[in-house]
Amino acid sequence: MTDTILSMRSITKEFPGVVALSDVNLEVERGEIHSICGENGAGKSTLMKVLSGVHPHGTYHGQIYFDGKEVTFRNIRESEHAGIAIIHQELALIPELTITENLFLGNEVAHHGGVIDWLEATVKAKEILAHVGLDEDPNIQIKNIGVGKQQLVEIAKALAKDVKLLILDEPTAALNDRDSDHLLGLLKGLQARGITCIMISHKLNEIERISDSITIIRDGHTIETLDVSEGGVDEDRIIRGMVGRDLSHRYPEHEPKIGAPLLEIRDWTVAHPSDTQRMVVKGASLTINAGEIVGLAGLMGAGRTEFARSVFGQSWGQKVSGSAYLHGKELTLHSVKDAIASGLAYVTEDRKMLGLNLLDTVRASISSAGISRISRNGVVDENEEINAATRYHRALRIKTPTIEEGVSRLSGGNQQKVVLAKWMFTEPEVLILDEPTRGIDVGAKYEIYEIINQLADQGKGCLVISSELPELLGICDRIYTLSAGVITADVPREAADQELLMRYMTQRKAD
Amino acid sequence: MATNLSEPAAPEVQRESLFSQLRRGFAGNLRQYGMMIALAALILFFQIRTDGLFLQPRNVTSLLVQNGYVLILAIGMVMVIILGHIDLSVGSVCAFVGASVAMVMKVTGLPWPFAIVLGLVIGALVGAWQGYWVAFVGIPAFIVTLAGMMLFRGLDLMILNAESVPVPEDFQKIANGYLPNFGPYTNYHNPTLILAAIAIAVLVWMELRRRNEIRKHGLPVQPLVAMVVKLVLVSAIIIVFALLLASYKGIPVVGLILFALVILYSFITQRTVFGRHIYATGGNRNAAGLTGVNTRKVDFLVMLNNSVLAAVAGMVFTAYLNAANPKDGQNFELDAIASVFIGGAAVSGGVGTVVGSMVGGLVMGVLNLGLANMSVDSNWIQIIKGLVLLGAVAFDVVSKKQGKPSFIGAIQRAFTKKPVAEKAESK
């Protein structure tokens with residue numbers, strides 16, 4: 001006898017010109033951890049928005065039964081009231097408020113007349129935080145705790161509202177492995193307390209580890225629901241369902257043609273921009289050869305991005321010491337402009353925040369970094385611009401009808417291709433790629449890898465920063481590990497495996 | 001390849017109705033066209049209500065002369081607003097520059113061309129001062145220019161010492177002068193007609209050239225009908241406007257200044273690297289910085305430029321009143337800001353055009369003049385202008401929420417009662 005807490009039947013949701021969900025069915029048992037997998041744009045988030053009332057009843061077709069009753073949520077408040085809490089990828093916490101204030105926002109511990117009893121609230125907050133294993137002062141401001149802990153506060157906030165069904169959208173995307181482990185452990189704990197979880201994630205290893213069942217959605221259709229306890233469910237099995245084809249090789253084959261040293265960085269030390277006594281990168285040295293794909297592995301907070309951005313024209317922190325050589329010639333890197341002129345490119349980690357102007361067209365985005373190449377006396381030659389954009393539109397197979405389309409309308413994978421095109425257009429000698437495949441689907445990842453391989457084949461040097469070790473092992477020829485701002489090892493691909501890298505990434509060298 | 005991405009589909013060739021061709025042709029700029037249509041409707045309304053008085057040559061000329069300075073201010077202001085800043089000081093800067101120039105001419109007898117140069121230099125210094133605080137110290141422009149508003153008002157009052165300082169007659173021509181007529185007697189002002197003809201020719205030539213270039217690259221072009229309709233409409237407007245001006249005294253000098261500035265700044269914002277940097281910085285400051293844009297320099301130059309244009313407007317206004325007065329320029333900044341927002345700029349930055357702001361400024365100007373022609377009480381004019389500003393921006397916000405920011409789309413929706421579909425989040 002099964003006990004179904006949630007049943008979504010033949011859900012169809014249309015947007016103008018697109019059918020986002022078509023006849024989707026989802027059955028969730030009480031007390032299970034149910035994962036939803038699918039490529040980006042498959043309809044996972046839309047389905048959750050239908051469930052939580054973000055897309056109100058009447059804007060979709062189909063029925064939802066929750067806790068034995070048919071429900072017709074018109075907004076999030078109603079779904080919350082029924083016991084459904086959704087935790088979005090972008091956290092909905094207010095940075096300037098304290099943990100307590102955030103926990104009870106909209107649900108204040110108030111006496112008659114709306115006066116808040118802060119003492120009682122703080123005591124309650126402490127209690128709730130203990131449920132999620134967070135030992136923090138409830139009066140600390142949200143902005144002062146890490147992303148991992150913020151995530152826990154979000155969950156605590158849901159628990160404070162007596163939640164029956166917790167929906168997590170990419171909960172570990174921004175977390176390091178330790179915080180992810182803690183979070184997943186917490187979900188297991190909640191399960192023991194009878195709370196049902198729906199989790200959306202791109203991290204298949206995590207899904208495989210903690211799910212009881214997995215529903216796969218592809219192009220707005222339910223493909224299948226896998227029961228993990230029956231066995232036979234592994235990452236490859238999930239991927240097969242998601243992409244509808246066997247991805248026997250998740251990483252393209254590549255025969256590296258490694259040449260002479262291209263970029264050498266010696267003894268690079270960077271201080272934190274607001275705390276100049278704190279060294280975020282300490283005496284880092286590395287070499288990238290022509291035609292080589294070099295990985296930079298490190299846990300969150302190890303200083304990977306900070307290092308890259310400091311090298312890229314001191315766009316982060318305060319450089320204390322260090323020199324960079326291209327073809328043995330020392331580079332001047334005082335500004336991003338210098339760095340671009342010297343032949344460096346930095347493909348940023350967060351395309352929406354740092355990589356793109358979302359108001360721009362594909363054309364203007366592609367030309368933005370290399371704009372001086374297509375302008376004379378400060379005037380842009382739009383002819384040349386159209387030419388260049390069209391060239392990359394075709395070469396990188398950016399999926400958009402025209403280059404005049406706004407980049408905000410593209411999918412994540414295609415946006416990432418636009419960012420890549422933007423930097424390829426500057427014709428750099430060395431590309432630093434920071435999390436080049438974060439948040440994009442498996443098919444697009446493969447294409448990004450191929451582009452990186454092609455760049456290497458053209459004799460360019462690539463430095464890939466990634467949190468996903470399998471990715472680094474899959475595409476890099478050599479991997480540096482960074483731990484607390486110190487480069488701890490330089491491992492060739494043949495010698496590297498995940499455990500070894502993790503050992504170096506957590507190794508602390510005496511300062 | 002193990003992926004299923006298809007090649008981008010070639011633009012489909014198919015027969016479509018004239019209406020949908022037009023719709024496609026104008027898509028994307030609908031907000032701006034919407035405002036233009038509103039402007040035309042407004043003019044038509046006043047023309048009917050005033051029994052044809054509104055479009056009298058004299059009235060049209062004074063529309064230009066009376067609003068010239070606000071439109072000049074709006075040109076600088078739109079760039080500031082695209083960057084995500086605001087400039088509250090322009091009214092005071094107008095007054096300060098006007099007062100300085102008037103006083104210097106009165107005391108030293110400096111010839112007016114030098115006085116103009118002096119005014120521009122003062123504007124640049126003021127702009128450098130404000131730009132410094134905004135760009136290099138990082139103080140929000142709202143605060144810096146609020147301080148500037150008080151600061152330069154104070155300096156203005158100090159210079160004028162509660163008196164009105166007249167300016168020489170030659171200087172007054174900046175606002176009240178007209179081009180000399182020449183050529184055969186045609187009942188019209190010949191130079192104005194020639195300028196209009198040149199403008200139309202250049203417009204047609206540029207449009208055709210652009211179309212050819214786009215086609216050469218195998219990109220989908222605007223439907224021909226849409227282009228022809230657009231060109232005919234714009235040309236008709238220019239011709240009507242030119243004929244009206246030419247049957248009075250011709251194009252006023254302030255009109256020429258404005259015309260030149262609009263062309264110059266449209267070019268700068270749309271076609272130059274610097275213009276791209278303004279939009280890039282306003283759209284996503286962090287991304288722009290990591291793309292090699294010196295965002296501080298952009299901030300500095302745009303703030304500086306705005307004060308220079310405020311100086312131009314200040315001198316035009318002083319010339320228009322024939323004298324510098326202590327209370328000159330009050331609330332000019334608000335008119336300029338309103339023009340920019342009515343003209344389609346976004347409060348969050350990254351969006352806006354010079355031409356749009358001109359349309360926005362003209363909407364305000366037409367309302368002022370038309371309501372005054374209808375002898376509406378000036379208090380009511382103020383109320384109506386406030387509601388128009390709110391309405392224009394609300395319309396934009398609402399239509400964006402509904403989906404495509406489309407004017408015609410909204411009309412279509414009003415006629416075809418379909419369930420309101422939501423827009424797929426474009427994340």
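**Salt bridges, domain contact and backbone in a predicted model**

A search of the whole structure finds 28 salt bridges over all chains, a salt bridge being a side-chain nitrogen of Lys or Arg within 4 Å of a carboxyl oxygen of Asp or Glu. This is a predicted model, in which local features need pLDDT of at least 70, side-chain atom pairs count only at pLDDT 80 or more, and totals for chains, interfaces and linings use all residues. Residues are numbered from 1 along each chain as its sequence is written, chains are lettered from A and ligands numbered from 1 in the order in which they are written, and side-chain values use heavy atoms, with hydrogens and water left out.

Reader: Which residue of chain A meets Arg276(B) in a salt bridge?

Author: Arg276(B) belongs to helix α11 (residues 273-283) of chain B, and the pair crosses between chains to helix α13 of chain A; helices (H or I, at least four residues) and strands (E, at least two) are DSSP runs, numbered from the N terminus. Both partners are buried, where buried means under 20% relative accessible area, exposed over 50% and partly exposed in between (1.4 Å probe, protein chains only). The N to O distance is 2.6 Å, and the partner is Glu385(A).

Reader: Is Arg266(A) buried or partly exposed?

Author: Arg266(A) forms a salt bridge with Glu264(A), with the closest N and O atoms 3.3 Å apart. The relative accessibility of Arg266(A) is 39%, so this residue counts as partly exposed.

Reader: How far apart are the C-alpha centres of domain 1 and domain 2 of chain B?

Author: Chain B is divided into domain 1 (46-177 + 283-400) and domain 2 (178-251), with bounds from an automatic or database domain assignment. The C-alpha centres of these two domains of chain B lie apart by 27 Å.

Reader: How many residues does domain 2 of chain B give to the contact with domain 1 of chain B?

Author: Contact means heavy atoms within 4.5 Å. Domain 1 of chain B supplies nine residues, and domain 2 of chain B supplies six residues.

Reader: Which helix gives the most to the side of domain 1 of chain B that touches domain 2 of chain B?

Author: The two domains of chain B bury about 820 Å² between them, 74% of it on carbon and sulfur atoms; buried area is the accessible area (1.4 Å probe) that two parts lose on being put together, summed over both. Between them the count is zero salt bridges. On the domain 1 side, six residues come from one helix of chain B, residues 57-82, which is helix α3.

Reader: Where is Arg397(A) found, given its positive phi?

Author: Arg397(A) has a phi of about 50 degrees although it is not a glycine. Arg397(A) is buried, with a relative accessible area of 18%. Its place in chain A is the loop between α13 (382-395) and α14 (412-424).

Reader: What is the relative accessible area of Gln314(A)?

Author: Gln314(A) also has a positive phi of about 50 degrees and is not a glycine. Gln314(A) is found in the loop between α9 (304-311) and β14 (318-326) of chain A. This residue is partly exposed, with a relative accessible area of 29%.
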